[in-house]
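Here is a short report on one protein structure, written to be read alongside the sequence and the coordinates.

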Amino acid sequence: AVRASFEVSAETFRQVCVQLEKQFDQTVVGVVAARPAKARRDAGAGGELYEVGTYCRLVSHSTVDRSDGSADESRVRLVVMGQSRMRVLAYAQTAPLRIAAVRLLEEAADAETDVTLRALVSSVQEKMTAFMHSGQEGNGNARRIRWPESPSQLASVVGGALPQLSVEERQQILETDDLRERLETVLDLLQREGMRDWPDRKSVV
């Protein structure tokens with residue numbers, strides 16, 4: 001599963017905790033991306049957020065540190081772990097906290113054994129391994145990288161880890177339902193972006 005972190009206001013975090021307590025102390029939240037400004041205009045009214053996001057387990061939280069090393073009590077950093085893709089069906093509430101009905105997007109049951117998918121998985125793993133190793137040249141502590149064997153998890157890891165993908169490109173990966181098409185999209189993005197020109201490759205690990 002893919003881990004990610006983001007910041008929210010202390011008040012938003014308090015509201016999240018209250019809502020989770022109402023849901024019998026669950027620790028799951030939905031995470032959706034905000035559309036870039038131009039995409040919002042194209043989507044029209046109510047289109048500030050994408051409909052497809054990630055159903056996540058809340059792993060931990062901490063107060064955000066200021067640049068001077070002191071704690072900023074007004075901000076909280078949340079660490080979440082992705083569990084499944086999801087689609088927002090409708091919002092029951094939009095303020096002060098968004099509460100929505102969602103549908104989890106399940107993967108095909110035979111995905112792990114599909115020959116075509118396995119070949120695509122190998123291609124993505126090889127490209128990412130070569131990418132990471134080229135960024136560790138001259139580093140005697142270079143690690144052996146183990147990429148996920150699951151096609152869906154691999155696509156999620158690559159989509160979430162590569163630093164120069166735009167919000168729209170990450171969303172394109174997330175919204176592609178067919179696993180084969182999703183992995184092909186990942187490969188196309190890797191080839192189009194030109195990995196050798198990307199900075200700070202060590203940050204991907």
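Helices, as the word is used here, are DSSP runs of H or I with at least four residues, and they are numbered from the N terminus. The model is predicted.

## A serine in helix α4

S152 has its place in helix α4. Its relative accessible area is 17%, so S152 counts as buried, the cut-off for that word being under 20%. When residues up to four places away in sequence are left aside, S152 touches E107, L179 and R182.

## Nonpolar cores

The largest nonpolar core has 23 residues, and those with the most contacts inside it are V124, M128, W147, V158, L162, L183 and V186. At least two residues of this core come from each of α3 (115-135), α4 (151-161) and α6 (179-193), and α3 gives the most, with 7 residues.

The volume of the second largest pocket is about 230 Å³. It is lined by 14 residues, of which A108, L117, D178, L179 and R180 are the closest to its centre.

By residue class, the lining of the second largest pocket divides into 8 charged, 5 nonpolar and 1 polar. Helices α3 and α6 each supply at least two residues of that lining.

## A cis peptide bond

Most peptide bonds are trans. The bond that joins A95 and P96, however, is a cis peptide bond, with omega about 0 degrees. As for its setting, P96 is found in the loop between β4 (71-93) and β5 (99-105).

D65 lies in strand β3, which covers residues 52-65. Is D65 buried or exposed? D65 is exposed, because its relative accessible area is 52% and the cut-off for exposed is over 50%.

Not counting residues up to four places away in sequence, D65 touches S70 and A71. D65 and R77 are 12 residues apart along the chain, and their C-alpha atoms are separated by 9.4 Å.

Note on methods:
Residues numbered from 1 in each chain as written. Predicted model: local features only at pLDDT ≥ 70, side-chain atom pairs only at ≥ 80, totals over all residues. Heavy atoms only, no water. Core = buried A, V, L, I, M, F, W, Y, C linked by side-chain atoms within 4.5 Å. Buried < 20%, exposed > 50% of the residue type's maximum accessible area, 1.4 Å probe, protein only. Contact = heavy atoms within 4.5 Å. 1 Å grid on protein atoms, 1.4 Å probe; cavity = no way out; pocket = protein on both sides within 12 Å on 5 of 7 lines; lining within 4 Å. Points joined across faces, edges and corners; volume = space filled by probe spheres on them. Nonpolar A, V, L, I, M, F, W, Y, C, P; charged D, E, K, R; others polar.
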